[in-house]
Amino acid sequence: MADGDRKELHPSPADLDRFLMGELSPRQAAPVLTHLIRGCDACQRRMQPLASTMFSAGRTEPSPAEEAGFEYDFPLFKAFATARRYAGAKTRDAARVQEALPTLREVIPPYVSLEERARQEWDLCETLIERSRALRHSDPERMILTATLAANLAERLDHSSFDARALADLQARVWAELGNARRIADDLPGAEAGLARAFELAGHGTGAPLLLAQIMDLTASLYTDQRRFQEAGLLQEAVYAIYNKTGDKHSAGRALISRGLSKGYAFDVEEAVQLFSQGLGMIEANREPKLVMVALHNLIWCLVECGRAEQADQLFAYSRDLFASYVERLDAIKANWLEGRIAAGVGDDQRAEERFREARASFEQAKLFYEVALVSLDMTALWLRQGRTAEIMRLIDETIAIFRARKIRREAIGTLLVLRKALHKDQATEALIRAMSAELQRLGGAWAHQSRVST
């Protein structure tokens, strides 16, 4: 029977629900996905508004209506549903990495030929790069140590045993890894020196586009941390172009998410929403489930900033299980804070206050004092609408006392004093509070609300 004559069965409503929630196995999901892609209006209506844009036949650009609505919904649902299935494997994967990699004390066996020894040292260098990357979310200090060992080893490899350009490529990769490790550990001058060395070595290498893309991507992350947003954006656009040209859709999507982070840090939240949405629709969630969580967290944050709290609330509810699968304490605190901001946006003041109090106490316990102040400002905005001026004054005074006790820079204390003065004169507004929050983020460089992408 010809395809056009075949009467295709529709997935059941239960299967559609399970597909959306990521509960189908790949074999079960495949026929559902194929059916939807073919443009079944009935099933798309059943899944509205989540499926409308992804399965619109023949379209490559979003319409204005989509850009104003749910254009990102189905791609990111697909992404986080996949990520959630793989999130449980995170601990097992980490254990396998630790088992497969040598300890830092491992040495090259003695009594081998010079050629074989050189090859083993090269392989060990590759292994150390892999190990350094595996440590980026859990132990920045060991990440730096491992990358330093790799750099030292790469610099003393026997030049006569290898092609000079290939060796330069390896050394460039190692120095890029060391630079990124220093960035993650907040050693920004050291990071800049390491990445500059990587670019220098790459200039003597094969000119491989993917190597250049990797170094540019890491450098863009550094520039973002340094608030050099325009320079970061130029590099991220080049990275996206390289990966897109080579057909690496996942890495291209990752570049878009990194670009979204930069836009979010620069408070260009509308464009950040578009970039996160597009990137989530491109990445392979099973390759980097942590990346999905980072992108979703920041997308939801930016939706709140855009005044789209209802959409943020819906997306947060669907993402809750994914966030819960990552047990890093700081991520959990950020998620709590994010939930409070969403609750404030949808008018659930009681839930908002509960989450703000929890997040503030947790940040104080973790000695993240700029974040304490930022949550305090969110609570201030909430209480301002309720007319609780006396409580606001006590909260601001308490935050100023924390800053003074911890010798936080005077400009940050001055920002809080300006707000206190405005409150005393009954001139405080939510717009002023948002401006004070942005200034504290600039002064602290904390970017507390956003989870960094560490490549």
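**Exercise 1.** Find which residues Phe403 is in contact with, leaving aside neighbours within four places in sequence.

*Solution.* Start with the cut-off: contact means heavy atoms within 4.5 Å. With that, Phe403 is in contact with Phe369, Tyr370, Ala373, Ile408, Ala412, Ile413, Leu416 and Leu440. Next, look at the core: Phe403 and Leu440 have the most contacts inside the largest nonpolar core, which has 68 residues. Such a core is a set of buried Ala, Val, Leu, Ile, Met, Phe, Trp, Tyr and Cys residues joined through side-chain atoms within 4.5 Å. There's also a second, separate core of 29 residues, including Trp122 and Ala202.

A quick word on the model: it is predicted, so local features need pLDDT of at least 70, side-chain atom pairs count only at pLDDT 80 or more, and totals for chains, interfaces and linings use all residues. Residues are numbered from 1 along each chain as its sequence is written, and side-chain values use heavy atoms, with hydrogens and water left out.

**Exercise 2.** Work out whether Arg351 is buried or exposed.

*Solution.* Buried means under 20% relative accessible area, exposed over 50%, and partly exposed in between (1.4 Å probe, protein chains only). Arg351 has 18%, so it's buried. You'll find Arg351 in helix H18 (residues 349–365). Beyond four places in sequence, Arg351 touches Asp313, Glu339, Ala343 and Val346.

**Exercise 3.** Check the span of helix H19 (residues 369–386).

*Solution.* Helices are DSSP runs (H or I, at least four residues), numbered from the N terminus. The expected span is 1.5 Å times one less than the number of residues. For the 18 residues of H19 that gives 26 Å, and the end C-alpha atoms are 26 Å apart, so the two agree. As for cover, 15 of the 18 residues in H19 are buried.

Methods:
Helices (H or I, at least four residues) and strands (E, at least two) are DSSP runs, numbered from the N terminus.
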